[in-house]
Amino acid sequence: MIRHQPRLRALLSAGITLLLIMGLIASQWLLGDTPQQMQFDARLAPPSLAHWFGTDALGRELWARTLAGLSISFWVGCLAALLSTLIALSLAALAALSRRLDALVSLLIDTLLSVPHLILLMLIAFALGGGTQAVIIAVAATHWPSLARVLRAELLHLRQAPYVRISRALGKSRWFVLHSHLLPHLLPHCLIGALLLFPHAILHEAALTFLGFGLSPSQPAVGVLLAEAMRYLTGGYWWLGVFPGLGLLIMVLCFARLGSNLRRAL
Amino acid sequence: MLNAHQLSFQFTAGVPLLQNVSLAIEAGQWVGLSGDSGAGKSTLGKLLAGYLTPHKGNVILDNATLPTSGVQPVQWLPQSPELAVNPRWRVAKILREAWTPSEAQCQAFGVQPHWLSRFPHALSGGELQRVCVLRALAPGVRFLVADEISTMLDPITQVELWQALKQKAEQRRLGVLVISHDTALLKRLCTQRYHLSNAQLTPIS
């Protein structure tokens with residue numbers, strides 16, 4: 001039944017995602033410094049009732065580290081997706097102002113789309129010296145082009161709408177037309193765009209950190225956990241990679257589903 | 001006086017839609033324009049209102065070209081009112097975008113007070129068209145291009161709309177270009193009529 005009701009599906013995935021976010025935020029308060037606590041008598045312990053997800057090489061609880069990692073990823077992803085959407089929206093608005101600016105913005109979009117994502121990400125994160133801020137800026141600076149392209153096309157289409165032309169003929173400025181006619185129309189697009197950017201952003205954050213260009217190894221970020229797990233994987237310590245990876249997958253899927261369900265519903 | 005001087009326009013190269021078309025509308029004058037579908041009636045209307053730029057020729061209003069900013073003295077009224085209003089705005093806001101008509105002015109066009117709080121989709125085409133016509137009568141407007149504005153209305157509403165517009169136009173000495181397929185309507189409203197075909201404008205006596 002739900003299959004044919006896009007609004008219900010969207011509501012359902014919004015509920016699940018909201019629960020996930022609330023769980024992550026609550027876990028930050030409840031965990032305290034559990035993710036950093038070492039237990040030398042329980043190093044590399046496999047999953048059991050005492051150690052739910054097992055422990056790492058320093059005897060730290062993996063469930064606590066996974067939750068902490070996911071909440072770091074969540075905040076980084078949120079900020080990066082938000083910044084990316086703002087950049088996309090501003091550039092699309094700029095493109096709507098004049099033909100020359102439009103050509104310039106299109107050139108910028110095409111240039112960025114033609115460069116492989118990860119290389120640019122690494123270059124920017126490296127140039128900014130790594131760390132949380134660098135990751136957020138690098139992800140935000142590389143993820144806007146596809147959304148900017150959609151928003152620009154929508155704006156160009158809307159600019160020709162009779163009511164927009166009439167508004168200009170009634171003496172309204174370009175700025176007025178932009179913020180009272182065009183931008184409110186784009187808000188749903190922006191919301192969905194940001195939601196669909198979010199999983200990309202956290203995956204790339206994890207990838208950057210995994211490659212050593214991102215967050216510092218002292219933080220229990222998912223990328224750090226996965227990079228550490230690589231060293232122990234051949235020893236048969238599978239839980240080190242499986243649980244953080246699964247957590248990341250679930251979070252990414254939740255947001256991706258929410259984004260695509262909302263797109264169908266709105 | 002609104003003067004279109006030797007206008008030429010084409011959408012596809014080599015296929016002229018209008019060729020050396022000249023037209024003059026005086027203040028207070030009602031001019032009718034008829035022609036087959038696709039003959040270029042709406043295009044001529046849009047050229048006069050400054051929505052399109054002619055490839056040759058120019059539109060002159062009292063010895064000057066049309067202004068590029070501020071309230072345009074020549075307003076275009078499209079056939080479909082639902083495309084002419086922001087679907088997210090209430091009627092009051094739609095009207096206020098141009099000017100704030102008094103209650104009497106609203107009454108003259110049959111715009112009811114309880115419409116003001118509604119969204120466009122909650123009004124019928126005819127009701128919305130009246131809102132659009134009223135909006136276009138902002139201070140500073142001197143000419144109207146009415147592009148088949150009554151085609152979708154029932155006969156009684158048509159008469160009411162044209163009567164209200166006629167009265168307002170006489171008061172303010174507005175020049176009106178009425179674009180329509182309806183010969184009887186044009187005969188009744190306009191002192192001067194033209195027929196557009198084969199990219200040329202011919203006066204109808």
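This is a predicted model: local features need pLDDT of at least 70, side-chain atom pairs count only at pLDDT 80 or more; totals for chains, interfaces and linings use all residues.
The predictor assigns the complex an ipTM of 0.89 and a pTM of 0.75. The contact between the chains draws on 16 residues from chain B and twelve residues from chain A.

**Confidence**

- The mean pLDDT of chain B is 90, and 100% of its residues score at least 70.
- Within chain B, confidence is highest in strand β8 (residues 175-179), with a mean of 94.
- The lowest confidence in chain B falls in strand β5 (residues 64-65), where the mean is 87.

**Chain A: overall form**

- The elements of chain A, read from the N terminus, follow the order α-α-α-α-α-α-α-α-α-α.
- Along the principal axes, the C-alpha atoms of chain A occupy a box of roughly 80 × 50 × 30 Å.
- Chain A has 266 residues, of which 39% count as buried.
- Among contacts in chain A with a separation of 6 or more, 69% come from residues 24 or more positions apart.

**Chain A: annotated spans and helix α1**

- An unreviewed UniProt entry lists "transmembrane region" for residues 12-31, 72-97, 118-141, 182-203 and 236-256 of chain A.
- One of these spans, residues 72-97 of chain A, is 100% helix and 0% strand, with 38 Å between its end C-alpha atoms.
- Another, residues 236-256 of chain A, is 86% helix and 0% strand, and its end C-alpha atoms are 32 Å apart.
- Helix α1 of chain A covers residues 6-31, which makes 26 residues.
- From first to last C-alpha, α1(A) reaches 37 Å, close to the 38 Å expected at 1.5 Å a residue.

**Chain A: the segment after α10**

- A:L266 belongs to the segment that follows α10 (239-265) of chain A.
- A:L266 is classed as exposed because it has 12 C-beta neighbours inside 10 Å.
- Leaving aside residues up to four places away in sequence, A:L266 touches A:P188 and A:I192.
- A:L266 and A:P46 are separated by 220 residues in sequence and by 46 Å in space, C-alpha to C-alpha.

**Contact between the chains**

- Chain B contributes 16 residues to the contact, and chain A contributes twelve residues.
- On the chain B side, the residues that touch chain A comprise ten nonpolar, four polar and two charged residues.

**Chain B: annotated domain and strand pairing**

- For chain B, an unreviewed UniProt entry lists "domain: ABC transporter" at residues 2-204.
- Strand β1 (residues 2-12) of chain B runs antiparallel to strand β2 (residues 15-25) of chain B, and seven bridges join them.
- In this pairing, B:N3 is placed opposite B:A24 in β2(B).
- The two strands β1(B) and β2(B) make a hairpin with two residues between them.
- The hairpin turn includes B:G14, which has a positive phi of about 85°.
- β1(B) also pairs with strand β4 (residues 56-61) of chain B, in the antiparallel sense and over five bridges.
- Here B:A4 is opposite B:V59 in β4(B).
- In a regular strand, side chains alternate between the two faces of the sheet.

- B:E148 is not a glycine, yet has a positive phi of about 50°.
- The position of B:E148 is in the loop between β7 (143-147) and α5 (155-172) of chain B.
- B:E148 counts as partly exposed because it has 18 C-beta neighbours inside 10 Å, and a residue is buried if it has 20 or more such neighbours.
- B:A199, also not a glycine, has a positive phi of about 65°.
- The loop between β9 (192-197) and β10 (200-204) of chain B contains B:A199.
- There are 17 other C-beta atoms within 10 Å of B:A199, so this residue is partly exposed.

Technical notes
Residues are numbered from 1 along each chain as its sequence is written. Chains are lettered from A and ligands numbered from 1 in the order in which they are written. UniProt positions are given in the numbering used here, feature names are shortened, and annotations may be inferred rather than shown by experiment. Helices (H or I, at least four residues) and strands (E, at least two) are DSSP runs, numbered from the N terminus. pLDDT is the predictor's confidence in each residue, from 0 to 100. Two strands pair if DSSP finds at least two bridges between them. Two residues are in contact if their C-beta atoms, placed from the backbone, lie within 7 Å. Ala, Val, Leu, Ile, Met, Phe, Trp, Tyr, Cys and Pro count as nonpolar, Asp, Glu, Lys and Arg as charged, and the others, Gly among them, as polar. The expected span of a helix is 1.5 Å times one less than its number of residues.
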